[in-house]
Amino acid sequence: MTLPPANAPANPVTTRQHPRQPGHAMNHSKPQLATPLTAPVTWADPARGQAFATWLARTAERHGLAPASLRVASADASFRRYFRIDDLKGGSCIIMDAPPDKEDCQPFVKVARLMADAGLPAPRVLAWDEATGFMLLSDLGAQTMMDVIAPPPAVDAVAQASQAHHGLYLQAVDALVRWQLSSKPDVLPPYDDALLSRELALFPDWYVAQHRGFALSTDQQAVLGNAFNLIKESNLQSLNGAQVFVHRDYMARNLMAPTLVAARTSLPPEGAHFPRGGPSENILTMPHTAYGLGILDFQDAVYGPITYDIASLMRDAFLTWEEDFVLDITIRYWQKARTAGLPVGDDFGEFYRAVEWMGLQRHLKILGIFARLTLRDGKPKYLADTPRFIKYVRATAARYRSLGPLMVLLDEIEGNETRVGYTF
């Protein structure tokens, strides 16, 4: 749920690639279509449009909204759309349009409550008509962490790894530690072997076969199957199988930058509690509003490997950091998590290996997802970021001898010459 400013220019912002520079982040963000303040909300299905008008009239009266201010905020990779609407007190809210035959909002509502209970700034569900899929949410502002790193007017520029960016990532780390400390088993779906396998299958099914048009031989299928088994074994057994709440898409585009609006509107509902006690008491006692980064797109949260979200944050789908910056933030996360009593182990080398292997699963999955978004859903802009994930996969495979066959296979699929030099 990445929301552009309400008064942004109507023209889409496009990106172009630049050479990487030491110590810099490379922003290959997907194009965003910003909408002017007066952009009308249109409906392909008139019946759904009428249902929305009925719901909005009722909801506007109850929550003091100004229907005439309704405008498009954003759309995402799913079937959801988001609108922004002003209230009569000078603030604004977000409306989610999620057709119930295509989107199940129950997980979003459930995880929003878990976030609030953990004292984290996430959208509050103010009203929800489950039958129609219309939802009113608190507004966390219009500027993402990605916008701060690479502002819209210069979204195609190389962003420096400045102290300000470093501070944003440390805020993201603090919020992640708090989220993980609130974890409980049997609350969210398990990130188990079956789910990991379904996700990995997206790579051969959609990226290799459908996008690349590459038919795997029997031997190549065996190589890929063996690599998948090694990846899943690491994901599920590293760090003694440590598991926590997993956001599953924890990255700069899904974190809202600190604003006064966010601090004001993201307060948890009455009755929300804050985790207390244990070794975390000394380092995570900041008031709720101190966590200025708002958290979005958490509806797919699961209970799984503790390495997943830090891998997602530092190996971003749309932003590439040099490894020294990745290491710096990952070490700081590990130190904070270890001090807080989270099960990240006492050996950073072992932890970092687990993070890399967890990231590898995610990279292969996303290659499949981006191909599917293009071929099945008609959203080709995502494929522009696939070279980033190929580089991620190659970088990890090059470190570990057991992943050498996977790198050879990937080069065969991509039509590249394999160059191998293992670290481990």
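In the predicted model, Tyr169 touches Met145, Ile149, Ala252, Leu313, Met314, Leu319, Trp321, Phe325 and Ile329, with residues up to four places away in sequence left out of the count. Tyr169 belongs to the largest nonpolar core, a set of 96 residues, where Tyr169, Phe203 and Tyr333 have the most contacts inside the core. Helix H10, which spans residues 348–375, supplies the largest share of this core, namely 13 residues. In soluble globular proteins, nonpolar side chains tend to be buried together.

Burial also characterises strand S6 (residues 134–138). Because 5 of the 5 residues of S6 are buried, that is, under 20% relative accessible area, the strand is largely enclosed by the rest of the structure. Phe134, Leu136 and Ser138 point one way from S6, whereas Met135 and Leu137 point the other way, and all of these residues are buried.

Strand S6 pairs with two other strands, S4 and S5. Strand S4, formed by residues 92–97, runs antiparallel to S6, and the pairing extends over 5 bridges. Within this pairing, Cys93 is placed opposite Ser138 of S6. Strand S5, formed by residues 125–129, is likewise antiparallel to S6 and is joined to S6 by 4 bridges. Here Ala127 stands opposite Leu136 of S6. The strands S5 and S6 form a hairpin, with 4 residues lying between them. In the turn of this hairpin, Gly133 has a positive phi of about 80 degrees.

Conventions
Residues are numbered from 1 along each chain as its sequence is written. This is a predicted model: local features need pLDDT of at least 70, side-chain atom pairs count only at pLDDT 80 or more; totals for chains, interfaces and linings use all residues. Side-chain values use heavy atoms; hydrogens and water are left out. A nonpolar core is a set of buried Ala, Val, Leu, Ile, Met, Phe, Trp, Tyr and Cys residues joined through side-chain atoms within 4.5 Å. Buried means under 20% relative accessible area, exposed over 50%, partly exposed in between (1.4 Å probe, protein chains only). Contact means heavy atoms within 4.5 Å. Two strands pair if DSSP finds at least two bridges between them.
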